[in-house]
Amino acid sequence: MLCKRLTNARFLTMDPDHPVAHDLGIWRGRIAGLDAAVTSSPAREVIDLQGATVLPGFIDAHVHLAWTGLNENTLSIAGRTRIDDVLAVVAQAAARERAPGAWLSLVGYDQRALGRHLTATELDTVSRGHKVFLLHDSGHGCVVNSAVLDLLPADIPHENGFLAEGAMGAARALRLPYSQRELAEAIGRAARTCLSEGVTACAEAGIGGTLFGHSPVELGAYQLAREEGLLPLRVQLMVSAERLRPVSAHEADGIPRALDLGLRTGFGDDRLSVGALKIYTDGGMMARTAALSRPYEGLDHAGQLQDDPDALADTIVDGHLAGWQLAVHAIGDRAADLALDALERAQRLRPRPHARHRIEHAGLIRPDQLPRFARLGVSAVVQPNFLRFFGDDYAAIMGEERAPWLYRGRGFLDHGVPLVGSSDRPVTDGSPLRAVQFMVERAAESGRVVGPEEGITVDEALRAYTVAGAHACHWEDTLGTLTPGKRADLVVLGDDPRRVDTARIGAIEVAATYVDGRETGKAAS
């Protein structure tokens, strides 16, 4: 007897052997069969989906759960477009804080909305002696006041209180880490948001590091969240490469650096596991720190790498030699050159053709770089909603020639490069459906079309958030398609993305989300 049978629906299975079904059976959290194989089978529960469209649960291959959940409970200055309005929020926070010299943390900072960066001096006028930390929306910078600057070593670079990349990490290191309890609760909040948008599995894009890590024992927070029922979806954890350390392994192993005990990609189970090694090579486009091969339009610099190029390349090679899948953060084309060069060297030293290395973001990729992605078998893990929300700005700072190379779609697919969808939540909107809409029409919210030749079909965009996401995370045997034997992770939609007008895809209702055959938020049947 089946545990459940879902009927009267249009199941878009993403499986070419059985692309559309109308009935789906579930037994012990897995798909037992489709259509005739289950239609006459008895079931403890039969659910009439009343003509809804059902897809495999969306996979967000690059997200920051803890950061997302923490942001939800942190004072935000988002939406303010005047310096005085931002300072007023900081002043109110300072007035409420009674402990002398306490930290005031705020999120939602984006200099583009204000026309320029805030300064430490301006924050000093309203901080009442507290230490102020305004996190940039990109996660690649912050603005602090003099009370924080005074605590930093003299050689930490900053621009009137704005600290980017490693300098920001130095400021964050002045504070106590979050507790595992705080992080577990934040992870739970973010997970529920993901589920509401049809995401049933995701890859947490970097724990334990200087930039995006929140605790030296951050993995334990995810374990705690799972143990206490706060982790209702599947999570794969990328580990920051900063956690690698030299090891004296047997020479036959050829492992120069590793995590303690040799932990690497693949450890864990179907609900919580260790994924790729996260390696940062450059910054972000919002903060103007993504490393480009020539300057930003209208600026006199071309961004920055996170470290000495040789040191970054050595980390990529060492991670490969230690058996990791690599997730290399490279937004600018100069950073992508570094990543591709290092991956090529690594594969020469120890060929691992099935390593499934990934370039995270791949925000600006020149035409000559596309064949290199393909030759190396590297996936491009992109965030389409960046251009949906920031397309006007990004196109302007790239200029007419480079704008069409931003967050490509068709270029990757035509070269045989796996195109993987993701959000980078909370940097921008996390909705897979809104991202799918952008991938097809390439239109920013303003209506500006960015690189129309990079548009792809609805089917290809849906594959980026299902089949390709599963493959990038080594989940293809259990997730990504509605195939008998796989996990019953499903998203129920109010309409069919392939049949509605493209402009309506992002507004399709997510009616329900199932993980292991159970509708989230409801008791198991």
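**Notebook: strand 11 and its surroundings**

I began with the pairing of strand 11 and strand 12 (residues 234–240), which is parallel and runs over 5 bridges. Pairing here requires that DSSP find at least two bridges between the strands. Helices (H or I, at least four residues) and strands (E, at least two) are DSSP runs, numbered from the N terminus. From strand 11 the chain passes through helix 8 (residues 218–227) to strand 12, a right-handed β-α-β crossover. Right-handed means that, with the strands pointing away from the viewer, the path from the first strand over the helix to the second runs clockwise.

I noted the basis of the model. It is predicted: local features need pLDDT of at least 70, side-chain atom pairs count only at pLDDT 80 or more, and totals for chains, interfaces and linings use all residues. Residues are numbered from 1 along each chain as its sequence is written, and side-chain values use heavy atoms, with hydrogens and water left out.

I then checked the other pairing. Strand 6 (residues 58–63) also pairs with strand 11 in the parallel sense, over 4 bridges. Phenylalanine 58 stands opposite valine 199.

Is strand 11 buried or exposed? Strand 11 (residues 199–207) has 9 of its 9 residues buried, so it is largely enclosed by the rest of the structure. Buried means under 20% relative accessible area (1.4 Å probe, protein chains only).

**Helix 8**

I listed the buried residues of helix 8: Glu218, Gly220, Ala221, Tyr222, Leu224 and Ala225. They pack against helix 1 (65–72), helix 7, strand 11, strand 12 and strand 15. After helix 8 comes glycine 229, with a positive phi near 75°.

**Cores**

I turned to the largest nonpolar core, which has 121 residues. Such a core is a set of buried Ala, Val, Leu, Ile, Met, Phe, Trp, Tyr and Cys residues joined through side-chain atoms within 4.5 Å. Phe373, Leu406 and Phe412 touch the most other members. Helix 7 (residues 180–196) gives the most to this core, with 8 residues. Another core, of 19 residues, lies apart from it and includes Ile83 and Val90.

I followed up phenylalanine 373. Beyond its neighbours within four places in sequence, its contacts (heavy atoms within 4.5 Å) include Leu340, Ile359, Phe412 and Val417.

How values were computed. Buried means under 20% relative accessible area, exposed over 50%, partly exposed in between (1.4 Å probe, protein chains only).
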